[in-house]
Amino acid sequence: MITCIAGIQQLGIGIPNVVEAFTWYRRHFGVDVPIFDEAAEANLMLPYTGGKPHMRRAILAINMNGGGGFEIWQYTSRTPQPAKFNIQLGDLGVFCGKIKAKNVAIAHQFLSTKNVPFITELLTSPSNQPHFFVKDPYGNWFEIIESEDWFGNGKYPTGGTAGSIIGVSNMDKSINFYKNLLGYTSVVYDKEGIFDDLKHLPLGDKKIRRVLLRHPNIRKGAFSKLLGKTEIELIQNYEHTPRKIFENRFWGDLGFIHMCFDVTNMKEVKSECESFGHPFTVYSGEKFEMGEAGGSFSYIEDPDGYFIEFVETHKVPILKKLGWYLNLKKRDPEKSLPTWMLKALALGRVKN
């Protein structure tokens, strides 16, 4: 098991217009603190981009209430492609992003006034927790879930990324992967049937097996206090032959392009993944610059070939105008940054 995961750093989202999307996510989900905004060539993702590098622009933005960020990603040297089929519940990969809220009813009331493309009524999960689903203008689904794990007290009723719903073809094999490699060892529920709270989702009225996994221990690492607790819900649809969400498309095309974990020791991660039978498919090496931030990144695939990213952050901008950058290589890798220093990231907030 990888023990040096600090949390889900971000959920990558392929978008047709990165500036427009950043504005929408900022106003609706409160991800208003950009960590980087960079236009460059993606020349290390060749296994997933047809063997050729492509130009792109990416913005990584976070919500200071806590949770992971959104990496809003757009190809600029080609037109990002949608799936050639209607993506259904149980198709392979991240179907839906999870976003935390301190009070789900208040978050529902807030988003109901924002003219979103689609929002469900308040629902109840198999663990008797309130939640609801909302769709963004690009066809991506998000689930708003209740969480007591909160970092800040900003004006938005939601926090950041708190996990995802992932379609799988073999539930037991996927449980083994997310449980024994990524540390989601607590099974909150494991149920089969037709579920009323999924009825609004495409093929949500079919018989499925759904398993909700959480990590029982508090993660360690510089950003663990900000990223907080997360959960993974696995869905196997018994009445649907699943297709890979990125079938015959490039990584970076439209939709949820990866789930990214913040880690503190890439060499250890590499060794653990290899011993578990999921070696790196992409590796940047020990140093990589991403706009004003820097570090190292890698990718593996889950049992159905979906993209899991790891990022080890070495440098992060706190206040770029004054040249205040944090060098994480000089710190204890398991120790969280002080609360005041994490809150200083808000100095880069983009206001509406």
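So, aromatic pairs: searching the whole structure turns up 23 of them, and bear in mind that this is a predicted model. Take tyrosine 25 and phenylalanine 142, which pair edge-to-face, with 6.1 Å centre to centre and 70° between the planes. Tyrosine 25 is in helix 1 and phenylalanine 142 is in strand 9, so this pair ties together parts that are 117 residues apart in sequence. Both tyrosine 25 and phenylalanine 142 are buried.

Now, phenylalanine 142 has another partner, phenylalanine 70. Here the ring centres are 5.7 Å apart and the planes sit at 20°, so that pair is stacked. Phenylalanine 70 belongs to strand 4, 72 residues away from phenylalanine 142, and both of these are buried too. Ring pairs actually link a whole cluster: Trp24, Tyr25, Phe29, Phe70, Tyr138, Phe142 and Phe256.

Okay, strand 5. Which strands does strand 5 pair with? With strand 10 the pairing is antiparallel, over seven bridges, and isoleucine 99 stands opposite threonine 161 there. With strand 9 the pairing is parallel, over six bridges, and lysine 100 faces isoleucine 145. Nine of the nine residues of strand 5 are buried, so the rest of the structure largely encloses it.

On to helix 2. Its buried residues are Val104, Ala107, His108 and Leu111. Looking down the axis of helix 2, those fall within an arc of 100°, so they line one face of the helix. The cover over them includes helix 1 and strands 5, 9 and 10. And at the start of helix 2, a side-chain oxygen of asparagine 103 comes within 3.0 Å of the backbone nitrogen of alanine 105.

Technical notes
Residues are numbered from 1 along each chain as its sequence is written. This is a predicted model: local features need pLDDT of at least 70, side-chain atom pairs count only at pLDDT 80 or more; totals for chains, interfaces and linings use all residues. Side-chain values use heavy atoms; hydrogens and water are left out. Buried means under 20% relative accessible area, exposed over 50%, partly exposed in between (1.4 Å probe, protein chains only). Helices (H or I, at least four residues) and strands (E, at least two) are DSSP runs, numbered from the N terminus. The arc is that of the directions from the helix axis to the C-beta atoms. Contact means heavy atoms within 4.5 Å. A polar contact is a pair of N or O atoms within 3.5 Å; within protein, one must be able to donate a hydrogen and the other to accept it, and residues adjacent in sequence count only if both atoms are side-chain atoms. Two strands pair if DSSP finds at least two bridges between them. Rings of Phe, Tyr and Trp (its six-membered ring) pair if their centres lie within 6.5 Å; planes under 30 degrees apart count as stacked, over 60 as edge-to-face and the rest as tilted.
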